[in-house]
Amino acid sequence: MPNNRRKRNTSDEPKVGDGGADCNDTNKKRSIANKLTFSDAAIQDTHLLMNGDDDEVQVEPQQTQVDGSKTSKSQWTAHHSDRAGDIDVSPQQHLLLWVEDQSGTWWKHCSSPGYPEYKFRSHFQMGWKTFDMICDVLGSAIAKEDTPRRPAIPVRQRVAVCVWRLATGESLRAVSDRFGLSLSTCQKIVLEVCAAICQRLMPHFIRWPDQATDFKSSFQAISGLPNVVGAIYTTHLPIIKPKSHNSSYYNRGWSARNEKPSFTTTLQGVVDPNGIFTNVCIGWPGAMHDDEVLIRSELQQHVGNGMMVVGGSSYPLMDWLLVPYTHQNLTKEQQVFTEKVMKLRRIAVDAFARLKGRWMFLQKRAEMKTSELPSVIGACCVLHNICEMKGEEMGSGLQCDVIDVETVPEYPVHSASASKARDKIAHNLFHSELDGANF
């Protein structure tokens with residue numbers, strides 16, 4: 001009797017955790033699976049290491065034949081019976097079991113003691129010392145307990161999954177393959193770790209200054225403007241079209257520039273002289289202008305006691321917010337003032353450029369619910385601050401250009417007192433520079 005062995009075609013085979021297989025193929029495979037029987041030896045050689053939730057599965061690549069011999073990764077066979085189309089496999093017949101390689105060997109190698117520091121930093125945008133600090137702080141919040149059925153995914157691997165996803169912007173499928181975890185597991189880990197970062201680390205690493213004396217001195221040394229404690233900027237981040245309220249996230253400026261419908265969410269941030277975030281407001285819909293986001297943020301609750309913030313022309317002039325002059329035919333005083341304000345605004349723009357360059361997830365369309373975005377974006381801001389404070393240098397070529405469509409505030413000047421105060425500052429700034437000039 002001829003040996004009619006048939007190889008299984010793995011090119012269209014869904015990966016572990018993938019729910020995108022064709023319905024016909026799925027039914028066919030289910031029918032085949034119902035007719036297959038194999039020995040205890042084959043089952044024992046198929047190691048399924050469960051971790052975390054029910055869908056957290058790590059599969060070690062051990063393709064074993066019933067007789068104990070090894071076979072290739074992409075192969076299994078079954079004998080046909082005499083009846084065409086039927087499959088009849090007995091335990092005595094040779095059965096090759098196919099298992100996909102999801103062992104996570106890349107992370108095992110990457111986390112080994114001998115792995116070079118510079119390579120680890122290029123992957124995760126931080127060195128081992130900074131990475132371990134984050135793991136120590138988040139440990140109790142994200143750790144899972146082992147069960148009799150499976151060991152939990154370690155804290156370090158959980159943090160690595162999240163940081164890698166944010167640093168590279170890789171798809172969940174690519175992250176799944178790299179770390180040997182299912183798609184749903186990777187998604188859960190990213191959201192859980194980001195939430196823990198916002199809960200445990202954000203209060204310590206994104207803080208509004210109490211007195212900000214040092215900030216005032218640094219900003220004044222750069223620009224000559226007094227009492228400035230921060231520079232503000234608002235950027236837009238691309239997202240997929242939301243299932244609900246999508247018109248609120250439709251960005252007209254981006255759509256016109258990209259010549260296709262574009263949807264965004266916003267990130268407003270205030271930075272100190274070193275480009276470290278001291279305040280963030282995340283997640284307002286992309287259809288809102290910068291001044292609308294500002295009014296809805298809690299920033300106004302922090303300013304006071306002579307504190308000033310500088311911003312671009314997309315913000316209104318307020319008693320605590322300095323913006324450049326925008327009308328035609330500026331005087332010398334107004335020109336000098338505008339140049340100084342824009343110089344400080346550049347500090348905020350550069351900080352956002354490093355944020356987006358270091359965490360490439362922010363450059364790509366976020367494929368997640370709008371309710372999940374704030375914690376993920378917030379985690380990127382926290383990690384940005386940690387890297388800046390710890391002196392973690394960015395890789396060459398990572399910094400990106402920040403290009404946002406300028407908006408015009410509905411009310412450019414909020415009060416007459418703010419206008420008079422700006423004129424006074426412009427006058428004093430101009431004449432203080434003349435006093436120090438040599439003719």
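Reader: What makes the 5 strands an open sheet, and in what order do they lie?

Author: In this predicted model, the order is β5-β4-β3-β6-β7, with mixed pairing. Strands are DSSP runs of E with at least two residues, helices are runs of H or I with at least four, and both are numbered from the N terminus. Two strands pair if DSSP finds at least two bridges between them. β5 (277–285) and β7 (321–322) each pair on one side only, so they are the edge strands.

Reader: How do you know that β6 pairs with β7?

Author: 2 bridges join β6 (residues 308–310) to β7, and pairing requires at least two, so the two strands count as paired. They run parallel. Valine 309 has leucine 321 in β7 as its bridge partner.

Reader: Which strands does helix α13 lie across, and at what angle to β3?

Author: Helix α13 (residues 332–358) lies across β3, β4, β5, β6 and β7, at about 45 degrees to β3. Contact here means heavy atoms within 4.5 Å. Axes are lines fitted to C-alpha atoms, for helices over the stretch in contact, and angles between N-to-C directions run from 0 to 180 degrees.

Reader: What do the values rest on?

Author: Local features need pLDDT of at least 70 and side-chain atom pairs count only at pLDDT 80 or more, while totals for chains, interfaces and linings use all residues. Residues are numbered from 1 along each chain as its sequence is written, and side-chain values use heavy atoms, leaving out hydrogens and water.
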